[in-house]
Amino acid sequence: MRPRHLTLVPGKWPGRGSGRRARWAEPDPRARAQRLKISPEIVIAHTQPGLEGVAIREALNRIAGAREIGRRSIADRNGMALLRVERAQSLTRMRCAEDLFALAAYLRPLAPDQSGLEQARKLARNAPFVETALARRLEVTPGSRSGRRLDFRVLVRTTGVHDYRRVDLQKAIEQGIAERGDRRWRAAENAEVEFWATLLDDELILAIRLSDDRMRQRDYKVAHFPGSLRPSVAAAMAFLSEPADDDVVLDPLCGAGTILIERAHLGRYRMLLGGDRDPQALAAARENVGPRYQPIALRQWDAATLPLKDGEVTRIVTNLPWGRKSGSHPDNRRLYPKLLAEFRRVLAPGGLMVLMTSETRLMRELFQECRIVPGAILAVTVLGASASIFVCRFDAR
Ligand SMILES: C[S@@+](CC[C@H](N)C(=O)[O-])C[C@H]1O[C@@H](n2cnc3c(N)ncnc32)[C@H](O)[C@@H]1O
């Protein structure tokens, strides 16, 4: 499987400073998003912020008939991949998504003054796609409550400056839903039906949650390890490595094994190789892998001196130490150059490397020294912390 739609457009390194020009895989996140063309088939897939573009490409590649409608990112919260699909249930196969929502209503512009609250109330009262959204909810989460009487709750996220508080907007939307004539709606704390209202400056997106917490959890994850990567982020990194059937995939700092396992779920490969210097991390990886995902080899090693031959692997996908929970920035200054040299040695010509770290500035320095120009750099937020994902291909050495 080779992802289509991986558009690389010119851009700059994230953060301050000039630096050499690299290329982004994403449109400029600061650009003003276009108004949505709404329809009842719109489903919103939540990701970690910055990974919405990867989720869209995953859907276009793996879900028949899926179409991109737009993308939004709410810093520190989540990315939103807006897709049009015939069957919402098909999106539960997406590994880069953490949660699914169906569009219920949309308004732009919503006034920034008090009159915006009245607009929001009316929008919720007359939301045109509630019926379709509830049917899709049953499709995605069979057995979820439906019927004439429904308890609901409203969650609100906002960005931008408005004259009203978030809680005022929440109350206005609650009131609008309670006034609807289609059912007997009752606001309740532990309600099953969740309306999520996202106000991005002057754009209000009202959606109904389709999935539950099970979507973001993975049943393979029996052993947890501090610093263990969020499965949806691991899946996005694996997807960015452009999976191919003959891949020999290496995660040299594999922790609990999340990246290798997510790669296995994306399609065929020749071999998975993982290692970590910490025996406890390896024990967690072995427990998570169990008897599945063969052929796979997990070994204890120092990633700076890998017991592998030159050019032995075709993909390296890894989450580098960030120097926060373990290690430090000075440690990384010593470690990263050794890791990069070793990764280049074991990677076959034409191979691809996908690396994630919060050490963006250090990576920029090292890439400049080594004359590596990443094919793509994604600025992401993982559980509130800013990081970058670098995608580098080694064509010539
Ligand atoms: C950021 S975590 C990676 C977590 C992993 N992706 C996961 O999902 O669990 C970094 C891992 O690198 C390991 N590590 C740090 N320095 C290492 C080195 N020189 N060689 C091998 N492993 C190392 C740590 O033990 C830790 O498990």
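This is a predicted model: local features need pLDDT of at least 70, side-chain atom pairs count only at pLDDT 80 or more; totals for chains, interfaces and linings use all residues.
Two strands pair if DSSP finds at least two bridges between them.

An open sheet is formed by eight strands. Their order is β4-β5-β3-β6-β10-β9-β7-β8, and the pairing is mixed. Strands β4 (67-74) and β8 (184-187) lie at the edges, each pairing on one side only. From one strand to the next, the twist averages 35°.

Within this sheet, strand β7 (residues 149-159) pairs with strand β9 (residues 193-200). The two are parallel, and eight bridges connect them. Val-154 stands opposite Phe-195 of β9. Arg-153 has Glu-194 of β9 as its bridge partner. Strand β7 also runs parallel to β8, to which four bridges join it. Here, Asp-151 stands opposite Arg-186 of β8.

Leu-150 also belongs to strand β7. Is this residue buried, partly exposed or exposed? A residue counts as buried if 20 or more other C-beta atoms lie within 10 Å of its own, and as exposed if 12 or fewer do. Leu-150 has 19 such atoms within 10 Å and is therefore partly exposed. Beyond its neighbours within four places in sequence, Leu-150 is in contact with Arg-145, Arg-183, Trp-185 and Val-193. Leu-150 and Ala-191 are 41 residues apart along the chain. Their C-alpha atoms are separated by 8.1 Å.

Helix α4 lies across β7, β8 and β9. Relative to β7, helix α4 runs at about 150°. Helix α4 (residues 166-178) also meets helix α2 (residues 115-125), their axes coming within 7 Å. The two axes cross at roughly 35°, and the crossing is right-handed. On the α2 side, the contact is made by Leu-117, Ala-120, Arg-121, Lys-122, Leu-123, Ala-124 and Arg-125. On the α4 side, the contributors are Asp-168, Leu-169, Ala-172, Ile-173, Gln-175, Gly-176 and Ile-177. What is the make-up of the contact of α2 with α4? Its residues divide into eight nonpolar, two polar and four charged.

Strand β14 pairs with strand β11 (residues 248-251) in the parallel sense, over two bridges. Val-249 stands opposite Arg-315 of β14. Strand β14 also pairs with strand β15 (residues 347-357), again in the parallel sense, over six bridges. Ile-316 has Met-353 of β15 as its bridge partner. How does the chain cross from β14 to β15? The path leads through helix α8 (residues 329-346), and this β-α-β crossover is right-handed.

Key:
Residues are numbered from 1 along each chain as its sequence is written. A crossover is right-handed if, with the strands pointing away from the viewer, the path from the first strand over the helix to the second runs clockwise. Axes are lines fitted to C-alpha atoms, for helices over the stretch in contact, and angles run from 0 to 180 degrees between N-to-C directions. A crossing is left-handed if the near helix is turned anticlockwise from the far one by less than a right angle, and right-handed if clockwise. Two residues are in contact if their C-beta atoms, placed from the backbone, lie within 7 Å. Ala, Val, Leu, Ile, Met, Phe, Trp, Tyr, Cys and Pro count as nonpolar, Asp, Glu, Lys and Arg as charged, and the others, Gly among them, as polar.
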